[in-house]
Amino acid sequence: MDPLFSNGVGLAVVLIVVLKVLVTFVFLLVSVLLMIWFERKIISDMQNRIGPNRAGPWGLLQSLADGIKIFFKEDLLPEQADAAVFRLAPYVSTVTAFAAFAVIPVGGSLSIAGHDTFLQLADPPVGVLFLLAMSSIAVYGVMLAGWSSGSKYPLLGSVRASAQMVSYEAAMGLSVVAVVLAAGTLSTHAIVLDQAGRGPGGILPNWNVITLGGVPFLIYLIAATAEINRPPFDLVEAEQELVGGFFTEYSSVRFALFYLAEFMNTITVSAVAVTLFFGGPSGPVYSVLPRTFWPIFWFFLKLLVFLFCYVWLRASVPRFRYDQLMDLGWKRLIPAALFWLLLIAAIQIGRDQGWNPSLVLGIGVLAGLAVMGALALAVRTSRLRADDEAQSLEASR
């Protein structure tokens, strides 16, 4: 529990919470502006282009200039649209992206006006469930945006987006459950504390990406990339097929809100990955600078590495086909995540019961390989049958 509330809730506590809300909100807005600039500059360097270099030093104010321009564009409302839902949908996507970041610890503790508090907007005991709930609610913003537009292309885009987000949310949830199972808590702050110190052999850090074997992290990374519609999984707005996807009919500020939510989600899922798998703000502390500086530094350094990797993926990996995307989610990621979760659970039970860990691991791996082989055989058989039916239908014609 946040020590801020240890002595009850008074006026000072309320003001500190309001200050933390404002700081978090401003931080996310500024981060989105810098992320857009960062992505454009990195991609331009990778593709031997210049990138933005006119508005401000090194083009730093280009994102701000684009935001001001789009703010003064005409706000359109399609004739066949459901006006109330059409106006509400962008806010659903944006608010959920902001709310998910609220439970991310970005540093250690801090004293404000004699009150100790975490550098974290909120630390509920069910923080991980809150993260999953926000990712689920975000689907509604996408679906409602396409449905309320009164146009077939946004509707198709929203159906495709909803199917994609729901499919990959299952795999992402299973990978997150593996972390919860290992840490024994749903609090994001407690999960960070659980990763403090040295890990295997006293040399490597005690990060979950290492102690859980790396598989849950890889599944989370792929699933989160698909859920936030980042390349190579940006099929909900594939220009060659669906014009602009679920927000085709949006303009001005409401279009900017979807754009804001997309980049804010990129920052949020990166921060979640840092928190759950890479120790969050934990790291070595040196006497060169104050102790409160180092956790913040390590958090943002890890976050920057993740954001760079997302930009790198966008610049180098071609877009998937939609059937490939759904096959990867349902036939590979979900079975792999479920198998690894059961394996971790078996190892935890074996440790509590005093079983031989090598024997538990060996049996678990053999059982997993047998199930994966059966699943692969079933998928192959279904494809062969579909091909035979297609050939028979073609021959009958």
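This report describes a nonpolar surface patch, a helix and several salt bridges in a predicted model.

## Basis of the model

Residues are numbered from 1 along each chain as its sequence is written, and side-chain values use heavy atoms, with hydrogens and water left out. Because the model is predicted, local features need pLDDT of at least 70 and side-chain atom pairs count only at pLDDT 80 or more, whereas totals for chains, interfaces and linings use all residues.

## Nonpolar surface patch

Leu33, Leu61, Leu64, Ile68, Phe71, Phe72 and Val253 make a nonpolar surface patch of about 660 Å². Patch residues have over 30% relative accessible area and no salt bridge; like charges are joined within 9 Å, and nonpolar side chains (Val, Leu, Ile, Met, Phe, Trp, Tyr) within 5 Å. Accessible areas come from the Shrake-Rupley method with a 1.4 Å probe, and for residues only the protein chains shown count as cover.

Helix α2 (residues 62-71) gives the most to this patch, with 3 residues. Phenylalanine 71 is found in helix α2. Helices (H or I, at least four residues) and strands (E, at least two) are DSSP runs, numbered from the N terminus.

## Helix α13

Helix α13 (residues 357-396) has 40 residues, which should span 58 Å at 1.5 Å a residue; its end C-alpha atoms are 58 Å apart, in agreement. The expected span is 1.5 Å times one less than the number of residues.

The buried residues of α13 are Val360, Gly364, Gly368 and Val379. Buried means under 20% relative accessible area, exposed over 50%, and partly exposed in between (1.4 Å probe, protein chains only). These buried residues pack against α12 (322-353), contact being heavy atoms within 4.5 Å.

## Salt bridges

The structure holds 6 salt bridges, each a side-chain nitrogen of Lys or Arg within 4 Å of a carboxyl oxygen of Asp or Glu. In one of them, arginine 254 pairs with aspartate 75, the closest N and O atoms being 2.1 Å apart. The pair links distant parts of the chain, 179 residues apart: arginine 254 lies in helix α10 (residues 252-277) and aspartate 75 in the loop between α2 and α3 (83-101). Arginine 254 is buried, at 13% relative accessibility, whereas aspartate 75 is partly exposed at 41%.

Aspartate 327 and lysine 331 form a salt bridge (3.3 Å, N to O). They are 4 residues apart in helix α12, and therefore separated by about one helical turn. Salt bridges with shared partners also join Glu39, Arg230 and Arg314 into one network.
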